[in-house]
Amino acid sequence: MAVSIDQAKAHLGILDPNQDDLIAELLTAATDACGRYIGTEDQPDPLPPIFDQAVKMTLAALYEGREGATVPEEAQALLSDLRPWVFG
């Protein structure tokens, strides 16, 4: 399940339709950031709901910060079980 624009706006508490383009852009960035964090190549499809929650948390950080935000620590904690263990 992917986070929709309507779900993203509800999470952020935004009603203004004039924000849709910005929210869509930030939602794409948040989804990509979370995907890079876990490495999506060997993940189940669809990803578990915990991934969507992490995307929403990252979206909120991007919306509030607008610049330089990364996957927040709280979202990283949610995603930790989806990250592969790498030993080297």
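Q: Leaving aside neighbours within four places in sequence, which residues is V71 in contact with?
A: V71 is in contact with A33, C34, Y37, T58, Q76 and L79. Keep in mind that this is a predicted model.

Q: Where is V71 in the chain?
A: V71 lies in the loop between α3 and α4.

Q: Buried or exposed?
A: V71 is buried, because its relative accessible area is 7% and the cut-off for buried is under 20%.

Q: How far is V71 from D52?
A: Their C-alpha atoms are separated by 13 Å. Along the chain, V71 and D52 are 19 residues apart.

Q: Let's step back. How many helices and strands does the chain have?
A: Four helices and zero strands. In sequence order the pattern reads α-α-α-α.

Q: What about the radius of gyration?
A: The chain has 13 Å. A compact globule with 88 residues would be near 12 Å, so the value agrees.

Q: And what does the C-alpha trace span along its principal axes?
A: About 45 × 25 × 15 Å.

Q: What share of the residues counts as buried?
A: Of the 88 residues, 35% count as buried.

Q: Take contacts between residues at least 6 apart in sequence. What share joins residues at least 24 apart?
A: That share is 61%.

Q: On to packing. At what angle do α2 and α3 pack?
A: About 125°, with the axes 8 Å apart. That makes α2 oblique to α3.

Q: Which handedness does that crossing have, left or right?
A: Right-handed: that is how α2 passes α3.

Q: Which residues meet there?
A: From α2, the list is L22, I23, L26, L27, A29, A30, T31, C34, G35 and I38. They meet F51, A54, V55, T58, L59, L62 and Y63 in α3.

Q: How does that contact of α2 with α3 split by class?
A: There are 14 nonpolar and three polar residues, and no charged ones.

Q: Now α1 and α3. At what angle do their axes cross?
A: Roughly 60°, and the axes come within 10 Å. Here α1 is residues 5–12 and α3 is residues 49–65. The two helices are therefore oblique to each other.

Q: Left-handed or right-handed?
A: The crossing of α1 past α3 is right-handed.

Q: Which residues make the contact?
A: On the α1 side, A8, H11 and L12. On the α3 side, Q53, K56, M57, L59, A60 and Y63.

Q: And by class?
A: The contact of α1 with α3 has six nonpolar residues, two polar and one charged.

Q: What about α1 and α2, how do their axes cross?
A: At roughly 100°, coming within 10 Å. That makes α1 roughly perpendicular to α2.

Q: Who meets whom there?
A: I5, A8, K9 and L12 in α1 meet D20, I23, A24 and L27 in α2. By class, six are nonpolar, none is polar and two are charged.

Q: L59 came up. Where is L59 found?
A: In helix α3.

Q: How accessible is L59?
A: L59 has a relative accessible area of 0%, so it is buried.

Q: What is L59 in contact with, leaving aside neighbours within four places in sequence?
A: A8, L12, I23, L26, L27 and A30. Among them, A8 and L12 belong to the α1 side of the contact with α3. I23, L26, L27 and A30 are among the α2 residues that meet α3.

Q: How far apart are L59 and T70?
A: They are 9.6 Å apart in space, C-alpha to C-alpha. In sequence they are 11 residues apart.

Q: Last topic, R83. Where is R83 found?
A: In the segment after α4, which is residues 73–79.

Q: How exposed is R83?
A: R83 is partly exposed, because its relative accessible area is 37%.

Q: What does R83 touch, not counting residues up to four places away in sequence?
A: Y37 and I38. I38 is one of the α2 residues that meet α3. Y37 is also in contact with V71.

Q: How far are R83 and Y37 from each other?
A: C-alpha to C-alpha, 7.5 Å in space. They are 46 residues apart in sequence.

Note on methods: Residues numbered from 1 in each chain as written. Predicted model: local features only at pLDDT ≥ 70, side-chain atom pairs only at ≥ 80, totals over all residues. Heavy atoms only, no water. Axes fitted to C-alpha atoms, helices over the stretch in contact; angles between N-to-C directions. Parallel < 35°, antiparallel > 145°, perpendicular 65-115°, else oblique. Left-handed = near helix turned anticlockwise from the far one by under 90°. Contact = heavy atoms within 4.5 Å. Nonpolar A, V, L, I, M, F, W, Y, C, P; charged D, E, K, R; others polar. Rg over C-alpha atoms; globule rule 2.2 N^0.38 Å. Buried < 20%, exposed > 50% of the residue type's maximum accessible area, 1.4 Å probe, protein only.
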